[in-house]
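Student: Hi! Could you walk me through this one?
Tutor: Happy to, here it is.

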Amino acid sequence: MKCKDCQFCKYEGAGIAGGYKCKHPNIEESAKKYEQLKRKVINKDYPHIGYQMIKTSLRYCPYRIDREESL
Ligand code: SF4
């Protein structure tokens, strides 16, 4: 899944508070799982995708995390 094709990707706000956001209901949970699985810390607001559209999806996208967990 790519953010640009995803129903949960929405542009919100303006200026510094604006940008593309992931509105997936499990984005927070998924980000936390990613942090545990990879022992990494995400230094930004979890739903924030970017000020510009990205080519793929968030590293902790729920679609990716679900796939990794089922491996
Ligand atoms: S991170 Fe995943 S769920 Fe969120 S908008 Fe992007 S593709 Fe959709």
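Student: Which residues come nearest to the ligand?
Tutor: Of the 13 residues around the ligand, the nearest are Cys-3, Cys-6, Cys-9, Cys-22 and Cys-61. A residue is near a molecule if its C-beta atom, placed from the backbone, lies within 6 Å of it. Do keep in mind that this is a predicted model, where local features need pLDDT of at least 70, side-chain atom pairs count only at pLDDT 80 or more, and totals for chains, interfaces and linings use all residues. Residues are numbered from 1 along each chain as its sequence is written.

Student: Got it. How many residues of the shell around the ligand are nonpolar, polar or charged?
Tutor: Eleven are nonpolar, two are polar and none is charged. Here Ala, Val, Leu, Ile, Met, Phe, Trp, Tyr, Cys and Pro count as nonpolar, Asp, Glu, Lys and Arg as charged, and the others, Gly among them, as polar.

Student: New topic: what pattern does the protein follow along the sequence?
Tutor: The pattern reads β-β-α-β-α, with two helices and three strands. These are DSSP runs, numbered from the N terminus: helices are H or I with at least four residues, strands are E with at least two.

Student: And how do S1 and S2 run?
Tutor: S1 (residues 9-12) and S2 (residues 19-22) are antiparallel, joined by four bridges. Two strands pair if DSSP finds at least two bridges between them. Glu-12, for example, has Gly-19 as its bridge partner in S2. The two strands form a hairpin with six residues between them, and Gly-13 in the turn has a positive phi of about 70 degrees.

Student: Where does S3 come in?
Tutor: S3 (residues 48-50) is joined to S2 by two bridges, again antiparallel. In S3, His-48 is the bridge partner of Lys-21.

Student: What makes up the largest nonpolar core?
Tutor: That core has ten residues, including Cys-9, Cys-22, Ile-49, Tyr-60 and Cys-61. Helix H1 (residues 27-38) gives the largest share, three residues. A nonpolar core is a set of buried Ala, Val, Leu, Ile, Met, Phe, Trp, Tyr and Cys residues joined through C-beta atoms within 7 Å. Buried means that 20 or more other C-beta atoms, placed from the backbone, lie within 10 Å of the residue's own.

Student: How much of the protein counts as buried?
Tutor: Of its 71 residues, 20%.

Student: Last one: what does Tyr-60 touch?
Tutor: Leaving out residues up to four places away in sequence, Tyr-60 touches Ser-30, Ala-31, Tyr-34, Ile-42 and Ile-65. Contact means C-beta atoms, placed from the backbone, within 7 Å.

Note on methods: Buried ≥ 20, exposed ≤ 12 C-beta atoms within 10 Å, placed from the backbone. Contact = placed C-beta atoms within 7 Å.
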